[in-house]
Amino acid sequence: MDFLVANIEAIVFYAVAALTIAGGIGVISFKNPVHSALALLGTFVMVAVLFILRHAEFLAAVQVLVYAGGIMVLYLFVIMLSRIKDLRSEQVFLSGVAPLAILGGVLLGALVAVGILLGTMAVGDGGAAAMQAVGDQMPGNTEAVGWVLYTKYLVPFEVVSVVLLVAMIGAIVFGRRDAELVAPGEGVES
Amino acid sequence: MITAEPYVALSLILFCLGLIGLMVRRNFITVLMSVELMFNAVNINLIAFSFRLGDLAGQVLAIFVITVAAAEAAIGLGLIIALVRLKDTVALDQANEMRG
């Protein structure tokens, strides 16, 4: 019991990390896109738990609301709209590329892991206090993030809003029904 | 007390899973989900180092990453709708007009 109480953070972290990786493996290995989407949903929620463990409570809420609530619903809608039954009988992976790509991914992972092991981590004690402080007060994580976001990072914030506007226009243009979508070979001859 | 290293290792594993899925999957929808996995791996990294350094810049950057991920999802899913309308499939090797 004492072991549990003393190491509760480590136990929660490793359990959640295992579930996160399991979800990631599910995303790339399930044949049915709906199953992949549900695995991705599990990964999102587990990452939100990791955010709470690192005292990023506001981001955990954003993660659940935007990813699990917004993006996931968008994916499921598109899966329902596109005819996935056509794909089910065919092959899952791109032929020929798969072994090379897996080898490349594993090699990149090994390379970065060696980099992590050889290099020294950034120094600093950090801690929960800095995640909640505005000046010398401690109003909480949401207020602290908002304070930094709207003072020090105000210009990037405005630039990101332009990115969202461009993405919205792009999505509308792609989704237009009367857009000129002509397959090669059957184009309009003038 | 957990240090930043296990978080970075987890982020690395998740990023490589997303990268492998991005390269090998044939279904466009699953490829986009793999990109979301990679975005999440980056966010874990940012949050871990934000805590380690006691600097909120990492959390603000993670908010920007989430915003860009939402924009990417909207554009990517619009592309899927256009591809389905044009070719009646979501298989990436069917979209080979540019011989890529």
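Predicted model: local features only at pLDDT ≥ 70, side-chain atom pairs only at ≥ 80, totals over all residues.

Student: What makes Phe39(B) count as buried?

Tutor: A residue is called buried if 20 or more other C-beta atoms lie within 10 Å of its own; Phe39(B) has 22 C-beta neighbours inside 10 Å, and therefore it counts as buried. Phe39(B) is part of helix H2 of chain B, and, leaving aside residues up to four places away in sequence, it touches Val65(B) and Ala69(B).

Student: How do you know how H6(A) and H1(B) are oriented to each other?

Tutor: The axes of helix H6 (residues 97-118) of chain A and helix H1 (residues 4-24) of chain B cross at roughly 160° and come within 9 Å. Angles over 145 degrees count as roughly antiparallel, and H6(A) and H1(B) are therefore described as roughly antiparallel to each other. Their crossing is right-handed, and by class the contact of H6(A) with H1(B) has 15 nonpolar, two polar and no charged residues.

Student: How does the reach of H3(A) set against the expected value?

Tutor: Helix H3 (residues 33-53) of chain A has 21 residues, and from its first C-alpha to its last it reaches 30 Å, which is close to the 30 Å expected at 1.5 Å a residue. H3(A) is followed by His55(A), whose phi is positive, near 60°.

Note on methods: Residues numbered from 1 in each chain as written. Chains lettered and ligands numbered in written order. Helix = DSSP H or I, 4+ residues; strand = E, 2+ residues; numbered from the N terminus. Expected span 1.5 Å × (residues − 1). Axes fitted to C-alpha atoms, helices over the stretch in contact; angles between N-to-C directions. Parallel < 35°, antiparallel > 145°, perpendicular 65-115°, else oblique. Left-handed = near helix turned anticlockwise from the far one by under 90°. Nonpolar A, V, L, I, M, F, W, Y, C, P; charged D, E, K, R; others polar. Buried ≥ 20, exposed ≤ 12 C-beta atoms within 10 Å, placed from the backbone. Contact = placed C-beta atoms within 7 Å.
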